[in-house]
Amino acid sequence: VTWVSFHSSFSVLLIMALSNSSWRQPQPSFFLVGIPGLEESQHWIALPLGVLYLLALVGNVTIIFIIWTDSSLHQPMYLFLAILAAIDLVLASSTAPKALTVLLAYAHEIGYIVCLTQMFFIHAFSSMESGILVAMALDRYVAICHPLHHSTILHPGIIGRIGMVVLLRGLVLLIPFPILLQNLVFCRATVISHAYCEHMAVVKLACSETIVNRAYGLSVALLVVGLDVLAIGISYALILQAVLKVPGGEARLKAFSTCGSHVCVILIFYIPGMFSFLTHQFGNHVPHHVHVLLATLYLLVPPALNPLVYGVKTRQIYQRVLRVFYTKASS
């Protein structure tokens, strides 16, 4: 709840700041194509995207509600899961509504400031999601390698500080994106071949020098993903080392099963992102509509599937969801 309300408040502040700083030059509006090359069938593509968004809303709100109202779930793993669900809500809601209006209602135009604001939140909260996955890997490491000190090491105060660091990292690293874009001059057609405002797609429209924007965007992507994947890899290497020392196959299987949900979420987040990044950087022969679809799915699939993964694979969450629906059905 706090993260979603923060999104609304910060959106207003960012729009005001960008408006005040962009008075020097005319502000172009942008035209979002949607899925280039598939304009005739875009309304059919919108249907599965709408289903993914609905799943993301219902699933993540349910996860937050269950953890918020059940004091027995106020443990590190579930608190991090609640933060992840809040980030997923913001990420999906920053992307899907405008993308769906483009694909269904053909409302292609988007204002300059609104475009930069959407771009900032999409990239900032993607960075935050990656950071929370690192924090969840740390939680699994402490739970398996130092089980007796788990609640002492990761007490609520530490979890709050970790969440604040993840939030600030996303803001500090990504706020230069819209600021640097303010210095660009757009003198050609401002048509974005995307269903939402993506950073490099906007940068490519400028007719002024963009080397700083391109270099900074690539540096942030490599820094965030590189360091986060390295941290997750180290955590799981230490977990694997500790589990292999445990005598008995059943005990090892139980230790591995506690990481199952987190590993699934990591794969759901990083694999589509990796394909999207590689096709954008090196996929000269990949059709552009494939890249746009991958980039859109990258922002909607993880928020939609994460609650399902944790709901199915985590017994405590699954039982409480069933209890809530059973109670409502009985009444």
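**Close-up 1. Burial of Cys-197 in the predicted model.** Cys-197 has a relative accessibility of 0% in this predicted model and therefore counts as buried. Cys-115 is likewise buried, with a relative accessible area of 0%. The cut-off behind both assignments is a relative accessible area under 20%.

**Close-up 2. The disulfide of Cys-115 and Cys-197.** The count of disulfides in the model comes to one. Cys-115 and Cys-197 form this bond, with their sulfur atoms 2.0 Å apart. Cys-115 belongs to helix H4, whereas Cys-197 is found in the loop between strand E3 (191–192) and helix H8 (199–203), so the pair ties together parts that are 82 residues apart in sequence. The torsion about the S-S bond of Cys-115 and Cys-197 is about -120°, and the disulfide is therefore left-handed.

**Close-up 3. Cys-145 and Cys-264.** Cys-145 is partly exposed, at a relative accessible area of 24%. Cys-264 is also partly exposed, and its relative accessible area is 29%.

Close-up 4. One cavity of 30 Å³ or more is counted in the model. The largest cavity holds about 50 Å³ of space. Its lining consists of Met-77, Met-136, Asp-139, Arg-140, Thr-258, Ser-261, His-262 and Tyr-310. Three of the lining residues are nonpolar, three are polar and two are charged.

**Close-up 5. Helices at the largest cavity.** Helix H4 (112–145) and helix H11 (260–282) each contribute at least two residues to the lining of the largest cavity. H4 gives the most to this lining, with three residues.

Conventions. Residues numbered from 1 in each chain as written. Predicted model: local features only at pLDDT ≥ 70, side-chain atom pairs only at ≥ 80, totals over all residues. Heavy atoms only, no water. 1 Å grid on protein atoms, 1.4 Å probe; cavity = no way out; pocket = protein on both sides within 12 Å on 5 of 7 lines; lining within 4 Å. Points joined across faces, edges and corners; volume = space filled by probe spheres on them. Helix = DSSP H or I, 4+ residues; strand = E, 2+ residues; numbered from the N terminus. Nonpolar A, V, L, I, M, F, W, Y, C, P; charged D, E, K, R; others polar. Disulfide = S-S within 2.5 Å. Buried < 20%, exposed > 50% of the residue type's maximum accessible area, 1.4 Å probe, protein only.
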